[in-house]
Amino acid sequence: MTYQHICMPKVGEKIFVKDGKLKVPKHPIIGFIEGDGIGPDITKSSLLVWDAAVEAAYSGDRKIHWCEIYLGEKAASLYDGNYFPNETLEVIKQIMVAIKGPLTTPIGGGFRSLNVALRQELDLYACVRPIRYYAGVPSPMRHPEKVDIVIFRENTEDVYAGIEYKSGTPENAKITKFLREEMGAKFFEDAGIGIKPISPFGSKRLVRKAIQYAIDHGRDSVTLVHKGNIMKFTEGAFRNWGYEVARTEFADQTITEDELYSVYGGKQPPSKVVIKDRIADIMFQLLQLRPEEFSVLATMNLNGDYLSDAVAAEVGGIGIAPGANIADHVAVFEATHGTAPKYANLDRVNPGSLLLSGVMLLQYIGWIEAAELIESALACVIADKTVTYDFARQMTGATEVSTSKFCELLITKMIGQTQILRKEIEHRRHNQEEYRRILEAARVADPVQAMIASGHMPTVVGNIMSPVITVKSNDLVNTAMHTMVEEGVDAVMVEPDDSLQWGIMTDRDVLKKIISANLSPARVRVGEVTTRPLVTAKPEMSLAEAAQRMSEANVRRVVVEADGNPIGMVTDNDLFRTVEVFGWGSEI
């Protein structure tokens, strides 16, 4: 096909879709848009880095064939003032994958935003923003190294859908009349009206993509962020539809956060992604205090906009925050900052946002090795304090370099110091695993405290149960007492005897039945002071029901069982602590 200004490469093959999966040849054709303002500076240098990474990773076996396409000011100069030529959209649809620099929206050009128009025309419904820290980058946080989060923001709905009616207009008067007279709504006179659509279709496809990303990239959790406690039929529905997607489409690959505690005792099963949710305002706080608790976030348009920039600020700012807008298969990667026209053609600005968007592109087409080389080289160059002006002015002892020089340093690292980069990659993976181990140990040791720290509201006994320690009926009591002291518990489960019933021995049993009777714990068997049968509960029993069962049976604890075996224990003190911390109401 012949285009007016776009020249397709004479070599290379188009990416295509087969059986619902992206198929990437070894020599794919990928589009790029220079962008406006600083766009040409950062794009020219970034192209060299991406090519060098592919060469270093695959020794010439793979190569990207770049196709320049046009939007923004360069498009206007070629297409008689048209900033948004149709042939650019057609080429992106054909080649599937593209990357672009920042764009300026023309004043009076008929677009609210070229970026928004591109998303709408190509139905790029998922805005994806991975945000992680690179050592040495100035940050306001004490431990920015704990930030490693990917945000999936729904692009097409919410208040950003553009369904608004200006105060004082006939359209506003019409909808105001309907809301008041037909729907009984109450609000102030002359209010501007905005409509917030949240659909099951839009919500589910966004969450589906977030869960699949977590599975494909070894991420341990997906958190649905919402304000469903107030907006129950929009944001609350988003949460519910998200859980539905996990339950019906990813049942073998996901568990809920409730199940993490109630079924698995806080230990995350291998290859299972935990699905959880948080209220949006609490999430802003947790991302500053406990960012290591969260891996992938899925949320609606407005929440995602705020969260993306807020988290980027934690790791050095939007200047190194990459981004992408993705449909089912078509994907456009982009620098997330503006055009900064006063720095245009000065070869001075930080190319990090666009560079890392290229890393996302490489990951998207499955070229993980090349992507890792760039990330590691970037980490090493920043650690060397050879940075562009924006970082240099905030770092002690830094050497300021130009955009092109910064990219040259990256290429030198990738070509000449591959082993050092491999070590950096392994170091990062080790740190991620260590954070996961620490969090898991905390969940197992003290589930209530772990939930407090992570912002999870317990609702069933499985959420707050402690793991059980078991002994045998024939064990001596003094041996069992040593075990209790070592494990820091006041009760142990006793394995079934001839009656085939599990039992329990508590510190009070030892006090009442042995010590107060002046018997020696070294001469009494555990089975002689064991209480049988147990007072039990299922993991899904509500906390209110558990409290009622304890009261009726006049006991201080219930044993949580599954398939006839004890898997945890909940005491009256656990319930007391839970109520004291989380409060009590119909949601408990």
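In which hand does α1 pass α11, right-handed or left-handed? The crossing of α1 past α11 is right-handed. This is a predicted model.

**The α1 and α11 pair**

- Helix α1 covers residues 39-58, and helix α11 covers residues 352-364.
- Their axes come within 9 Å and cross at roughly 40°.
- On the α1 side, the contact is made by I42, T43, S46, V49, W50 and V54.
- On the α11 side, L354, L355, G358, V359 and L362 make the contact.
- By class, eight residues of this contact are nonpolar and three are polar. No charged residues take part.

**The three-stranded sheet**

- Three strands form an open sheet in the order β21-β22-β23. The pairing is mixed.
- In general, strands of a sheet pair through backbone hydrogen bonds, in a parallel or an antiparallel sense.
- β21 (536-537) and β23 (565-571) are the edge strands. Each has a single partner strand, so one side of each is left without a neighbour in the sheet.
- Strand β22 spans residues 557-562 and pairs with β23 over six bridges, in the antiparallel sense.
- V558 has V570 in β23 as its bridge partner.

**The helix across the sheet**

Notes:
Residues are numbered from 1 along each chain as its sequence is written. This is a predicted model: local features need pLDDT of at least 70, side-chain atom pairs count only at pLDDT 80 or more; totals for chains, interfaces and linings use all residues. Side-chain values use heavy atoms; hydrogens and water are left out. Axes are lines fitted to C-alpha atoms, for helices over the stretch in contact, and angles run from 0 to 180 degrees between N-to-C directions. Helices (H or I, at least four residues) and strands (E, at least two) are DSSP runs, numbered from the N terminus. A crossing is left-handed if the near helix is turned anticlockwise from the far one by less than a right angle, and right-handed if clockwise. Contact means heavy atoms within 4.5 Å. Ala, Val, Leu, Ile, Met, Phe, Trp, Tyr, Cys and Pro count as nonpolar, Asp, Glu, Lys and Arg as charged, and the others, Gly among them, as polar. Two strands pair if DSSP finds at least two bridges between them.
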